[in-house]
Amino acid sequence: MFVFVLFATEVEFVAFVPGSHNYVPSSAEFPSGTLYTSVLVANGLLASSSVEIRPSANPARAGDTLVLALSPETTLKGGTWAVGDSIIVFWQGDKQTVFPDYKGRVSVNSTTGTLSLSSVTAADSGVYVVQSSDPQLKANAVISVLEPVSNVTLRVSEASLVEFNSTAVLNCSVSSGSSLAYRWLNGSSEVTANDTVQLGDGGSTLTVVNVTRYDQGPFRCNVSNAVSSGISQALNLTIYYGPDNMDLTVNGQKTTSFITGSNLTMFCSAQSNPPAQFQWAFKGKVLNGTGPEFKLYHFSADQSGPYSCQAFNNWTNVNSSITKDIAIDKSASEQHGVSVWLLPFLLLAGFLLSLSGKF
């Protein structure tokens, strides 16, 4: 394939004619009195392995100016720049002709052949080729133009979920950006695919199957390409769970035996979201006390026995309970009784001893 290029020195006009090298424009096609210079280029004829194209950035950021220079720097008397099948600009000496699609965006250094293309877009990506006949050379480079990432947004299909019964689907989107890579975070930890976590749609969708209380977040989505990056606002999931992992203490202790006459405060706890509702029972009989605390005053033998705390979550419809047998500590009670009986005598003896010391 041959390329016939005509340059008008008096009017800005270029004819790019693929086909036979015997093509000659007629006088009807071009006005008389205008001097044209022609350059005949055969594919591969002017190739030079010693010269290469050095881009100012590759990939380039959309909206920026892309500069393509030759390395090593070479003095050229004329030549053409093209991308794919489209001619960008032709120059001969100080004269330049820019093809219509690139008007207002392109300039070329008539000495070095350096091309400047402003306000590039993704459509400007392609194989750029520079050719010259004086000296004879040809070089090419594959250039990519990427849209920068903007406005990263994170959404969830449903934010209120029940542990082990619900699936969360999170979608990450951008207002603009190309050749995107996605990275998911739960708190400070990166989220990776496993048996219950799935990444889809090129990484933009995160699906968590049978969520647990540890999947509450905060989730963030980091989106990047070679020229920019952005991160979403944090998103938290509301996951209802429990009640479970119950505990029951008496007077803040694990002890279940107490002396007669003690005042007892039982405290019941459970892991639950929302907080569980509590109900107390003694020997299977429901007591009036509700809430996590239940108190007994002047603990006696008829109050000893099994005390149960039942927790209920009205979102998960789960019940859990814990039971402890609260008993009289007989040995401690007897010692306490003896101490109470001896106390008056010990006080009297101490008083008499103090009197004897005075005489």
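Buried here means under 20% relative accessible area, with exposed over 50% and partly exposed in between, for a 1.4 Å probe and protein chains only. Strands (E, at least two residues) and helices (H or I, at least four) are DSSP runs, numbered from the N terminus. In a regular strand the side chains alternate between the two faces of the sheet.

Strand 23 runs antiparallel to strand 22 (residues 219-225), and four bridges join them. Two strands are taken to pair if DSSP finds at least two bridges between them. The two strands form a hairpin, with two residues between them. N225 is the residue opposite S228 of strand 23.

## Basis of the model

The model is predicted: local features need pLDDT of at least 70, side-chain atom pairs count only at pLDDT 80 or more, and totals for chains, interfaces and linings use all residues. Residues are numbered from 1 along each chain as its sequence is written, and side-chain values use heavy atoms, with hydrogens and water left out.

## Overall make-up

The protein has 31 strands and one helix. Of its 359 residues, 38% are buried. The protein exposes about 19700 Å², and carbon and sulfur atoms supply 52% of that area; accessible areas come from the Shrake-Rupley method with a 1.4 Å probe, and for residues only the protein chains shown count as cover.

Contact means heavy atoms within 4.5 Å. Among contacts between residues at least 6 apart in sequence, 59% join residues at least 24 apart.

## Nonpolar cores

A nonpolar core is a set of buried Ala, Val, Leu, Ile, Met, Phe, Trp, Tyr and Cys residues joined through side-chain atoms within 4.5 Å. The largest such core has 27 residues, and W81, I88 and Y128 have the most contacts inside it. At least two residues of this core come from each of strand 6 (66-71), strand 7 (78-83), strand 8 (86-92), strand 10 (106-108), strand 11 (115-117), strand 12 (126-133) and strand 13 (136-143). Strand 13 gives the largest share, four residues.

Not counting residues up to four places away in sequence, Y128 touches I53, L68, W81, A82, V83, I88, L115, L117, A139, N140, A141 and I143. A second, separate core has 20 residues, among them L264, M266, A276 and I328. In soluble globular proteins, nonpolar side chains tend to be buried together.

Five strands form an open sheet in the order 9-8-7-12-13, with antiparallel pairing. Strand 9 (95-98) and strand 13 are the edge strands, each pairing on one side only. Neighbouring strands of this sheet are turned by 10 degrees against each other on average, direction ignored. The axes behind such angles are lines fitted to C-alpha atoms, for helices over the stretch in contact, and angles run from 0 to 180 degrees between N-to-C directions.

Strand 12 and strand 13 run antiparallel and are joined by eight bridges. In this pair, V130 stands opposite A139 of strand 13.

## Disulfides

A disulfide is counted where two cysteine sulfur atoms lie within 2.5 Å, and the count by this rule is two. With bonded cysteines counted along the chain, the pattern is 1-2, 3-4.

Because C268 lies in strand 26 (residues 264-273) and C309 in strand 30 (residues 305-313), the pair ties together parts that are 41 residues apart in sequence. C268 is buried at a relative accessible area of 1%, and C309 is buried at 0%.

## T207

T207 lies in strand 21 (residues 205-208). Its relative accessibility is 15%, so T207 counts as buried. Leaving aside neighbours within four places in sequence, T207 is in contact with T167, A168, V169, T196, V197 and Q198.
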